[in-house]
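Subject: A structure for you to look at

Hello,

Here is the structure I promised to pass on to you. Please open it next to this message, and then read on for what turned up in it.

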Amino acid sequence: MVDTDLKYMKLALAEAGKGAGRTSPNPAVGALIVKEDRILSRGYHRRAGQPHAEVEALEKIGRSCPGATLYVTLEPCNHYGKTPPCTESILKARIARVVVGAMDPNPGVRGGGCRFLAENGLEVRSGVLEKACRLLNEDFFTFITTGRPFVIAKSAQTLDGFTATSLKDSRWVTNEKSRRFVHRLRDRVDAIMVGVGTIVADNPSLTARLKNRKGKNPLRVVLDTHLRTPVDARIINDEFPEKTLLVVGEKVAREKLDQIRERGIPVLLCPTKDGRLELQNLMDKLGRMAIMSLLVEGGSLVLGSMIREGLVDKFHVFKAPKILGGNDGIPMASGPGVKYMRDCTTLENVEFRRFGEDMLVTGYPVYFRGDRQ
């Protein structure tokens, strides 16, 4: 029984992956309906407002499959939202058994769906491939429990730790295979965040350009305390300026704000401290805008501040086989660091991946706070 459950949950995870990056602010969920070791139907959640995975799978077989087992990567909902509760559809279909990957992380509803089904006579098993099911929706789990986006920091650097030369030249640190991976990252997140220095230096488009299909362009969030973004910047003059959000200080001159807003560019006012935007406050604001995942691409001042304030949830650090050979380049993070090696932010659950000659290091930060004894 256990091996069978694992086999079908893996297939349900594959279904869920089809919706990854497209369901925000909902999770990506996959479902399978199985009877007598035969798959009757498959389904996945495609977009917020569309049928949940369980319902899509049920609809494909006429919503009735007495005695079957439902495999679903996340606990079925038991409340009304944009769609009715999935638990009601499961009961009406006369499903006999439900196998769940991960429980719903929402403190207000956690366990409610499984409990409701069990109370109505269904056999319920949870926690099957739970780690993989949680990993698929790590952004959703963070967003629903903290109200803030899941923040991914990306850095591409030389072996000696520089992201650009003293002339701010960063094209290209990594190879084409690594850059393709970054574009796939952009395609999966709700927003990309950079500092205005990156806009001034590189004039990037910050879009998702995929090789074999059209990418989903995320919201481009620019930290621009004093509103220095050039009016001829690509992010203002391309075909979707509404996908740009300039985050500015509350004391920016009204005339500057009006000039930008006249171009159809959204502007978000944010409090400042010591001349810099308050990033904790900004993360709360982005969360209230239903931005579930945020990719931080630079620059070094922005990333340094995000690390010091403990706001990064995951790191993707590329190392290219290049050596700048001096100490005048631009580092991954700028600003004051810790005084002792023992106080460094460390990464756990670290993974390594090769992209040609480049190496990608991925991990989750453990932040040290306070004085060690």
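One definition before anything else: two strands are said to pair here if DSSP finds at least two bridges between them. Please also keep in mind that this is a predicted model.

With that in hand, take strand β8 (residues 191-195) and strand β14 (residues 293-298), which pair in the parallel sense over 4 bridges. Within this pairing, Ile192 stands opposite Leu295 in β14.

Next, the aromatic rings. The structure holds 5 aromatic pairs. In one of them, the rings of Phe181 and Phe355 have their centres 5.2 Å apart and their planes at 55°, so the pair is tilted. This pair links distant parts of the chain, with Phe181 in helix α7 and Phe355 in strand β17, 174 residues apart. Another pair joins Phe318 and Phe355: the ring centres are 5.9 Å apart and the planes are at 55°, so this pair is tilted too. Because Phe318 lies in strand β15 and Phe355 in strand β17, the pair ties together parts that are 37 residues apart in sequence.

Put together, Phe181, Phe318 and Phe355 form one aromatic cluster. Are its members buried or exposed? Phe181 and Phe355 are both buried; the relative accessibility of Phe355 is 6%. Phe318 counts as buried as well, at 1% relative accessibility.

Another residue to look up is Asp5, which is found in helix α1 (residues 2-17). Why does Asp5 count as buried? Its relative accessible area is 0%, and buried means under 20%. Leaving aside neighbours within four places in sequence, Asp5 is in contact with Tyr71, Arg97, Val99, Arg125 and Val128.

Finally, the chain as a whole. Its secondary structure comes to 12 helices and 18 strands. The radius of gyration is 23 Å, close to the 21 Å that the globule rule gives for 373 residues, so the chain is as compact as a globular protein of that length. Along the principal axes, the C-alpha atoms fill a box of roughly 70 × 50 × 45 Å. Buried residues make up 49% of the 373 residues. The chain exposes about 18,700 Å², and carbon and sulfur atoms supply 49% of that area. Among contacts between residues at least 6 apart in sequence, 70% join residues at least 24 apart.

Enjoy exploring!

Best wishes

Terms used:
Residues numbered from 1 in each chain as written. Predicted model: local features only at pLDDT ≥ 70, side-chain atom pairs only at ≥ 80, totals over all residues. Heavy atoms only, no water. Helix = DSSP H or I, 4+ residues; strand = E, 2+ residues; numbered from the N terminus. Buried < 20%, exposed > 50% of the residue type's maximum accessible area, 1.4 Å probe, protein only. Contact = heavy atoms within 4.5 Å. Rg over C-alpha atoms; globule rule 2.2 N^0.38 Å. Areas by Shrake-Rupley, 256 points an atom, 1.4 Å probe, with all protein chains shown as cover. Phe/Tyr/Trp six-rings, centres within 6.5 Å; stacked < 30°, edge-to-face > 60°.
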